[in-house]
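Here is a short briefing on side-chain contacts. Look at the structure, then read the points by topic.

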Amino acid sequence: MSANFHYNSGVYAVGQYQMSAKPYATGSLAVTSGTPLEVSFPFVTKFVTIKNSTTGSNSTMRVGFSANGVNGTNYYTLENGESYTADLRVVSVFLRGDVAPCTATVIAGLTGIQSTLSDTLGPNYSGSIGVG
């Protein structure tokens with residue numbers, strides 16, 4: 001075997017999703033109502049939890065999987081103090097304040113899969129096929 005050959009798990013490596021994940025957490029993210037904020041992960045995720053940690057006035061936050069998604073119609077919303085957890089295989093999430101700025105917390109479980117998804121290596125999360 002060549003010394004230059006290095007095996008890397010791909011997005012369909014089931015074992016990467018079966019074993020426990022490496023933790024990722026970030027808090028107090030300032031989310032504006034203009035430009036979407038991209039939260040990029042160093043590896044493909046096993047799960048993601050997003051919380052709208054805004055206090056005070058009601059500031060709905062849009063959550064999607066592309067800038068096109070949160071600027072268009074492919075997103076879900078979180079009210080103040082609300083969170084959402086799902087088993088998602090993504091390399092980034094996009095956040096945007098619906099009409100006012102808000103604050104977000106993101107927690108994720110990371111696999112050992114490199115975050116280099118493309119149309120040939122994994123799903124299309126660009127928003128061009130209604131996923132965004």
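Arg62 is buried, with a relative accessible area of 11%. That value falls under the 20% cut-off for buried residues. The model is a predicted one. Arg62 also takes part in a salt bridge, with Asp98 as its partner.

**Salt bridge**

- Side chains of opposite charge can pair when their charged atoms come close.
- The structure holds one salt bridge.
- In the bridge between Arg62 and Asp98, the closest N and O atoms are 2.7 Å apart.
- The pair links distant parts of the chain, 36 residues apart.
- Arg62 lies in strand E4 (residues 61–64).
- Asp98 lies in the loop between strand E7 (92–97) and strand E8 (102–114).
- Asp98 is partly exposed, with a relative accessible area of 23%.

**Aromatic pairs**

- A pair of aromatic rings is described by the distance of the centres and the angle of the planes.
- The count of aromatic pairs comes to two.
- One of them joins Tyr24 and Phe41, with 5.1 Å from centre to centre.
- The planes of Tyr24 and Phe41 are 80° apart, and the pair is edge-to-face.
- Tyr24 sits in strand E1 (residues 22–31), and Phe41 sits in the loop between strand E2 (37–40) and strand E3 (43–52), so the pair ties together parts that are 17 residues apart in sequence.
- Phe41 is buried, with a relative accessible area of 3%.

**Charge over a ring**

- Which ring does the charged end of Lys22 sit over?
- The ring belongs to Phe43, and the charged end of Lys22 is 3.8 Å from its centre.

Notes
Residues are numbered from 1 along each chain as its sequence is written. This is a predicted model: local features need pLDDT of at least 70, side-chain atom pairs count only at pLDDT 80 or more; totals for chains, interfaces and linings use all residues. Side-chain values use heavy atoms; hydrogens and water are left out. Rings of Phe, Tyr and Trp (its six-membered ring) pair if their centres lie within 6.5 Å; planes under 30 degrees apart count as stacked, over 60 as edge-to-face and the rest as tilted. Helices (H or I, at least four residues) and strands (E, at least two) are DSSP runs, numbered from the N terminus. Buried means under 20% relative accessible area, exposed over 50%, partly exposed in between (1.4 Å probe, protein chains only). A charge sits over a ring if NZ of Lys or CZ of Arg is within 6 Å of the ring centre and within 35 degrees of the ring normal. A salt bridge is a side-chain nitrogen of Lys or Arg within 4 Å of a carboxyl oxygen of Asp or Glu.
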